[in-house]
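Reader: Could you walk me through this structure and tell me what stands behind the terms you use?

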Amino acid sequence: MTGRLQEAKARQIYLVLRDRIVSGALGFGARLPTENDLASTHGVSRVTVRRALGELESEHLIERRRSAGTRVVYRAHSSLMSADISGVLANLAEMGRRTSVRLLSFGYVPAAGPAAEALSSGDHELLQRSVRVRSVDGQPFSYLLTHVPERIGATFTRKELADRPLLELLERSGVKVERATQRISASLAAPDVARALSVKTGSPLIELVRTVFDHNGRGVEHLYALYRPDRYGFEFDLVRSGGASNRGWSPLPNVRRKPARKTRSSNRIALI
């Protein structure tokens, strides 16, 4: 096995084990399989397995001891954020109270690319472009790239965007937000995003793309967001629907839930 292939295999094993650890599938104190077992499972050499384990150890996710084996020392973050996907435009004030934001960049750029297309911007229009990082308990969980038409962006300042939720500023400007479309997928962290979110380049992230529209159907905000999956998740409620021949599941919006116990998944925060 060449050195480059060994490195790629080690990276693959590292990502699989890391995902199991940060998701809680391998909880604090859990023992990992032996190097021989991991090598056999993944069809690689023990040297490759050691590289993957070395990466996990450098991130303080595991502890290796010659006589005791390898165990998980990572404790799941107590403030994993969870977003109600059925309430896209709800609870922004609560998000602002429970998280902090760092504004990385702010300015105006010519309308171009996916943002311009989503907002139906003209060739000579400008868009306000901003990059923000949101954190909870001092730990970053989201990287937010936002574009807003200049006519709307001109109604608030850089400082206001750093201090207040964007949707609140849009509505203050007179925009009547009506609806939004969004897509959720997955992505890998580029170097600048990795630095902002305190992860390694190439780490898996949740990707969300959203366009917000006013009551006239005009696009007023385009958001490209990346979330750390170990600190943020999406959830929604479903109800059975359809006739006897085509029964399925449909989203159930605006559900009032009973108070949940204080657990990692009980912190329900709306999408920003």
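Reader: What makes β1 and β2 a pair of strands?

Author: Strands are DSSP runs of E with at least two residues, numbered from the N terminus, and two of them pair if DSSP finds at least two bridges between them. Four bridges join β1 to β2, so the pair meets that definition. The two run antiparallel, and a hairpin of three residues joins them. One of the bridges sets E63 against R71 in β2.

This is a predicted model, where local features need pLDDT of at least 70, side-chain atom pairs count only at pLDDT 80 or more, and totals for chains, interfaces and linings use all residues. Residues are numbered from 1 along each chain as its sequence is written, and side-chain values use heavy atoms, leaving out hydrogens and water.

Reader: Which residues of β2 lie on its covered face, and which on its uncovered one?

Author: T70 and V72 form the covered face, while G69 and R71 are on the uncovered one.

Reader: How do you know which classes of residue line the second largest pocket?

Author: Ala, Val, Leu, Ile, Met, Phe, Trp, Tyr, Cys and Pro count as nonpolar, Asp, Glu, Lys and Arg as charged, and the others, Gly among them, as polar. The lining therefore has three nonpolar, four polar and five charged residues. Among them are L32, P33, E35, R64 and T70. α2 (35-42), α3 (46-58), β1 (62-65) and β2 (69-72) each give two or more residues to this lining.

Reader: How many helices and strands does the chain have?

Author: The chain has nine helices and 12 strands.

Notes: On a 1 Å grid over the protein atoms alone, a cavity is a set of points where a 1.4 Å probe fits but cannot get out, and a pocket is an open set with protein on both sides within 12 Å along at least five of seven lines; lining residues have an atom within 4 Å of a point. Buried means under 20% relative accessible area, exposed over 50%, partly exposed in between (1.4 Å probe, protein chains only).
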